[in-house]
Amino acid sequence: MGKLLTTPLRRDPFGSMLDDFFEDVWSEPGWTRLPRLPQTASVMRARMDVIDTGPAYVISVEVPGVKREDIDVSVEGSHIAISAKTPAEIPLQEGEKLLHAERIAAGYARSFELPAEVTDDGAEAVFENGVLTLTLPKRAPAESRRLAIH
């Protein structure tokens, strides 16, 4: 049997600075008196999987909290760029007051090169349950021709 770890693991010094602050504050009885934090947008690297099926690439990208109309996909040769944004406002009903917000405006972005060029002929984009799935057919390689020498 191994020895149990009794000291907390060291945290990433560049992680969210607010995590430590709110860790202790929420246990305090006066947490509702906290000032409202400013809402700032941040861009996160979208997590993704790329599968080569032979004739096409299937790319699955996580973009939670985003609406279909707020996603942009750009395909240029073998270069793919994906970006998405979430709304900045938090809808409140009459009489409601926002006490704390961590789900603020955010954006997702990812840009990468595929091993081969793709074409938009037969390409498909499906967005379901916060996951964008792109099926991008590979461009047929240009046939080499023999030139006749005169």
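This report describes the fold, strand pairing, nonpolar core and salt bridges of a predicted protein model.

## Basis of the model

The structure is a predicted model, in which local features require pLDDT of at least 70 and side-chain atom pairs count only at pLDDT 80 or more, while totals for chains, interfaces and linings use all residues. Residues are numbered from 1 along each chain as its sequence is written, and side-chain values use heavy atoms, with hydrogens and water left out.

## Overall architecture

Along the sequence, the pattern is α-β-β-β-β-β-β-β-β.

Of the 150 residues, 21% are buried; buried denotes under 20% relative accessible area, exposed over 50%, and partly exposed in between (1.4 Å probe, protein chains only). The protein exposes about 12,200 Å², of which carbon and sulfur atoms supply 53%; accessible areas follow the Shrake-Rupley method with a 1.4 Å probe, and for residues only the protein chains shown count as cover. Among contacts (heavy atoms within 4.5 Å) with a separation of 6 or more, 57% join residues 24 or more positions apart.

An open sheet is formed by four strands in the order 2-3-8-7, with antiparallel pairing; two strands pair if DSSP finds at least two bridges between them. Strand 2 (48-52) and strand 7 (124-128) are the edge strands, each pairing on one side only. From one strand to the next, the twist averages 15°, with axes as lines fitted to C-alpha atoms (for helices over the stretch in contact) and angles running from 0 to 180 degrees between N-to-C directions. Strands 7 and 8 pair in the antiparallel sense over five bridges, and Glu-128 stands opposite Val-131 in strand 8.

Strand 4 (residues 71-76) also pairs with strand 5 in the antiparallel sense, over six bridges. The bridge partner of Glu-76 is His-79 in strand 5. These two strands form a hairpin with two residues between them, and Gly-77 in the turn has a positive phi of about 70°.

## Nonpolar core

The largest nonpolar core has 18 residues, of which Val-63, Leu-114 and Leu-132 touch the most other members. Such a core is a set of buried Ala, Val, Leu, Ile, Met, Phe, Trp, Tyr and Cys residues joined through side-chain atoms within 4.5 Å. At least two residues of this core come from each of strand 3 (56-62), strand 5 (79-85), strand 6 (106-113) and strand 8 (131-137).

## Salt bridges

The structure holds three salt bridges, each defined by a side-chain nitrogen of Lys or Arg within 4 Å of a carboxyl oxygen of Asp or Glu. In the pair Arg-47 and Glu-62, the closest N and O atoms are 2.6 Å apart. Arg-47 lies in the loop between strand 1 (42-45) and strand 2 and Glu-62 in strand 3, so the pair ties together parts 15 residues apart in sequence. Arg-47 is exposed at 56% relative accessible area, whereas Glu-62 is partly exposed at 34%.

Lys-138 and Asp-52 have their closest N and O atoms 2.9 Å apart. Because Lys-138 lies in the segment after strand 8 and Asp-52 in strand 2, this pair ties together parts 86 residues apart in sequence. For Arg-139 and Glu-117, the closest N and O atoms are 3.3 Å apart; Arg-139 is in the segment after strand 8 and Glu-117 in the loop between strand 6 and strand 7, 22 residues apart.
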